[in-house]
Amino acid sequence: SSTTQTTISQFSASSVRSCRFTVQVTNNTDSTYHTSELLLVHDGTTPGITEFGTIFTGAAAEATFDADISGGNVRLRATPASSDSMTFKVVRHMITT
């Protein structure tokens, strides 16, 4: 759970080149949900990410997503859209280098 930007998944940049994520976000305050699919690919230095298939039960999406590479790891980062506590669940499908 988090109320600020947090890493919700990470893996070695040297062993995985691309990944597909299914992310479920639960707002712990009002029990609304947000689910998204994300695709990520990187060149060893810079990750590219796209979000699609987004659906939510509240008035708006519960979080935004971005990615970076830090310490040799690709990190999927989530930022809650409000100060409410959010729980993140992630399923990932990876393709190795």
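## Basis

The model is predicted: local features need pLDDT of at least 70, side-chain atom pairs count only at pLDDT 80 or more, and totals for chains, interfaces and linings use all residues. Residues are numbered from 1 along each chain as its sequence is written, and side-chain values use heavy atoms, with hydrogens and water left out.

## Nonpolar core

The largest nonpolar core has 18 residues. A nonpolar core is a set of buried Ala, Val, Leu, Ile, Met, Phe, Trp, Tyr and Cys residues joined through side-chain atoms within 4.5 Å. Phe 21, Val 23 and Phe 65 touch the most other members. Elements giving two or more residues are strands S1 (6-12), S2, S3, S5 (63-70), S6 (73-80) and S7 (86-96). S2 gives the largest share, five residues. Strands (E, at least two residues) are DSSP runs, numbered from the N terminus.

Phe 65 has contacts (heavy atoms within 4.5 Å) beyond four places in sequence. Among them are Ile 8, Val 23, Val 25, Leu 38 and Leu 76.

## Salt bridges

There are two salt bridges. The rule asks for a side-chain nitrogen of Lys or Arg within 4 Å of a carboxyl oxygen of Asp or Glu.

Arg 20 pairs with Glu 37, with the closest N and O atoms 3.4 Å apart. This pair links distant parts of the chain: Arg 20 is in S2 and Glu 37 in S3 (residues 33-42), 17 residues apart. Arg 20 is partly exposed, because its relative accessible area is 32%; the partly exposed range lies between buried (under 20%) and exposed (over 50%), using a 1.4 Å probe and protein chains only. Glu 37 counts as buried, because its relative accessibility is 19%.

Asp 68 and Arg 75 form the other bridge, at 2.6 Å from N to O. Asp 68 is partly exposed, with a relative accessible area of 23%.

## Asn 27

Asn 27 lies in S2 (residues 16-27). Asn 27 is buried, because its relative accessibility is 2%. Its side chain reaches the backbone nitrogen of Asp 30 at 3.2 Å. Beyond four places in sequence, Asn 27 contacts Thr 32, Glu 62, Ser 82, Asp 84, Ser 85 and Met 86.

## Pro 47

Pro 47 sits in S4 (residues 47-56). Pro 47 counts as buried at 18% relative accessibility. Its contacts beyond four places in sequence are Leu 40, Val 41, His 42, Ala 67, Asp 68 and Ile 69. Asp 68 is also a partner in the salt bridge with Arg 75.

Definitions and conventions
Helices (H or I, at least four residues) and strands (E, at least two) are DSSP runs, numbered from the N terminus. A polar contact is a pair of N or O atoms within 3.5 Å; within protein, one must be able to donate a hydrogen and the other to accept it, and residues adjacent in sequence count only if both atoms are side-chain atoms.
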